[in-house]
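The following paragraphs guide a new reader through this structure. Please keep the sequence and the model in view while reading.

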Amino acid sequence: MTASFSNLSLAEPLARAVAEMGYESMTPIQAQAIPVVLTGKDVMGAAQTGTGKTAAFSLPLLQRLLKHENTSTSPARHPVRALVLLPTRELADQVAQQIKMYAKYTQMRSAVVFGGMDMKPQTLELKRGVEILVATPGRLLDHIEAKNAVLNQVEYVVLDEADRMLDIGFLPDLQRILSFLPKQRTTLLFSATFSPEIKRLAGSYLQDPITIEVARPNETASTVEQRFYAAQDDDKRRVVKAVLNQRGIKQAFIFVNSKLGCARLARSLEREGLKTTALHGDKSQDERLKALESFKKGEVDLLVCTDVAARGLDIKDVPAVFNFDVPFNAEDYVHRIGRTGRAGASGLAVTLVSPSDMRLVSDIEKLIKTKLEVEAFPLEDDRSRANLNEGRRDVRRDERREDRRPERGFERRREEDEPRDRRSSFRPAQVSRDPFFEKPYEAPLSEQNGPASWEASPKTAARPGLSANIKTKRKVAALFKAGE
Ligand code: AMP
């Protein structure tokens with residue numbers, strides 16, 4: 001049974017905003033969390049990005065705060081009533097954009113503050129008064145110290161992507177921020193996983209929380225079809241192209257484990273005539289913006305990226321995600337494939353497994369508690385059938401080892417978003433606002449008008465349906481014994 005927003009008795013301005021967003025029914029996290037948050041209880045929610053969790057907490061929170069709505073111009077009448085904390089500027093910006101849309105027919109004011117931007121405009125906005133403040137922890141502490149943000153009237157605090165915040169090392173900053181808040185408040189914690197650290201955090205700061213798990217922790221979105229194909233490193237590009245052709249897929253994210261590997265792969269694909277761009281931590285903010293914008297416009301078909309660079313991007317409904325490298329960290333697998341099949345859309349996640357990757361695949365199996373089948377993907381010369389246990393010697397092995405150094409520390413280069421005890425006196429230059437987060441991803445026009453670059457060559461023209469060599473399409477529910 002699909003739950004409708006009309007059953008919630010949302011206040012008219014909120015219901016109007018939701019209707020305008022075009023949401024037809026609630027997502028599972030919304031159906032479960034909204035009624036609970038409306039009662040004012042603390043919530044511990046297991047949900048990954050793309051499940052609709054922003055609306056799950058912000059709609060009931062706005063509804064509860066409507067009693068404070070007023071049109072006064074006095075800042076004193078607009079104290080911070082709700083604080084939403086997120087690990088990265090991209091996520092903070094995305095969530096703030098969504099909250100603005102849900103609150104657009106109310107008098108509630110919201111603002112976002114994160115590092116890497118001039119503090120002055122943020123200060124002016126805070127001084128005018130805002131009811132809902134979205135922030136990354138480091139920059140918020142700057143504003144608290146500068147007395148721009150006063151938090152003694154906060155009624156709601158949301159710790160969103162809490163696992164990521166702990167990964168980045170934000171725990172001391174979170175503890176400091178929480179010490180400024182009134183004891184009497186509602187605390188909502190959302191995390192993709194419930195690790196022991198997350199449980200400890202919840203134990204310290206949440207009171208009798210209601211636990212909401214729409215999917216088991218670490219379970220992957222059930223709308224994603226997951227395939228694992230055996231492929232030698234040298235064959236992986238051909239497998240990617242073959243899958244794109246066979247499935248008639250127009251655009252895809254391709255994940256790799258290192259910045260160097262990212263740049264190299266993007267160059268190789270580009271040389272092979274595929275419209276490709278790269279997104280990794282060595283790119284400037286401006287280059288990253290351009291890369292994403294060109295992907296969104298459909299000027300490029302493939303976005304090759306590393307985990308940290310792609311984290312939190314709200315590009316909805318990307319038809320496919322490729323794990324060109326199996327991630328070193330099994331949790332990154334869950335995050336990567338969350339880029340496709342978001343908010344109800346179906347998606348395909350293909351992981352290319354070379355012989356030396358089998359241990360990483362078993363890590364993923366353990367995390368998602370499901371047996372995964374690595375299938376052969378026969379290419380013309382059939383090299384990918386190689387025995388998985390027979391690790392091939394490769395003259396480029398050292399080079400690959402270098403490639404495989406994981407990219408870490410992208411956020412950490414962005415000092416104001418960084419945990420305080422790790423900061424230096426360096427302050428990055430002001431960067432412009434990310435405009436592509438202001439509108440959701442739409443399938444590019446080129447999708448309707450013309451073929452993707454890999455479809456252009458007659459040799460590789462797309463075949464309708466599946467290759468005879470691929471097993472019948474199985475939904476992830478079957479693979480993952482959903483609901484267990
Ligand atoms: P989130 O998990 O909050 O980042 O949401 C992911 C995307 O799903 C956002 O772009 C939302 O606009 C969209 N979304 C949220 N709730 C719904 C819904 N009930 N129906 C359709 N789309 C939704």
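Strand 1 and strand 6 (residues 186-191) are paired in the parallel sense over four bridges. Two strands count as paired if DSSP finds at least two bridges between them; strands (E, at least two residues) and helices (H or I, at least four) are DSSP runs, numbered from the N terminus. This is a predicted model, in which local features need pLDDT of at least 70 and side-chain atom pairs count only at pLDDT 80 or more, while totals for chains, interfaces and linings use all residues. Residues are numbered from 1 along each chain as its sequence is written.

Strand 1 also pairs with strand 7 (residues 210-213), again parallel and over four bridges. The bridge partner of Gly-45 is Phe-190 in strand 6 and Ile-212 in strand 7.

In a regular strand, side chains alternate between the two faces of the sheet. Both faces of strand 1 (residues 43-46) are covered: Val-43 and Gly-45 on one side, and Met-44 and Ala-46 on the other, are all buried (20 or more other C-beta atoms within 10 Å of the residue's own, with C-beta atoms placed from the backbone).

Seven strands form an open sheet with parallel pairing, in the order 10-11-9-12-13-8-14. Strand 10 (276-279) and strand 14 (374-376) stand at the edges with a single partner strand each, so one side of each lacks a neighbour in the sheet. Strand 10 is joined to strand 11 (residues 302-305) by four bridges, and the two run parallel; Thr-276 stands opposite Leu-302 in strand 11.

How values were computed:
A residue is buried if 20 or more other C-beta atoms lie within 10 Å of its own, exposed if 12 or fewer, and partly exposed in between; C-beta atoms are placed from the backbone.
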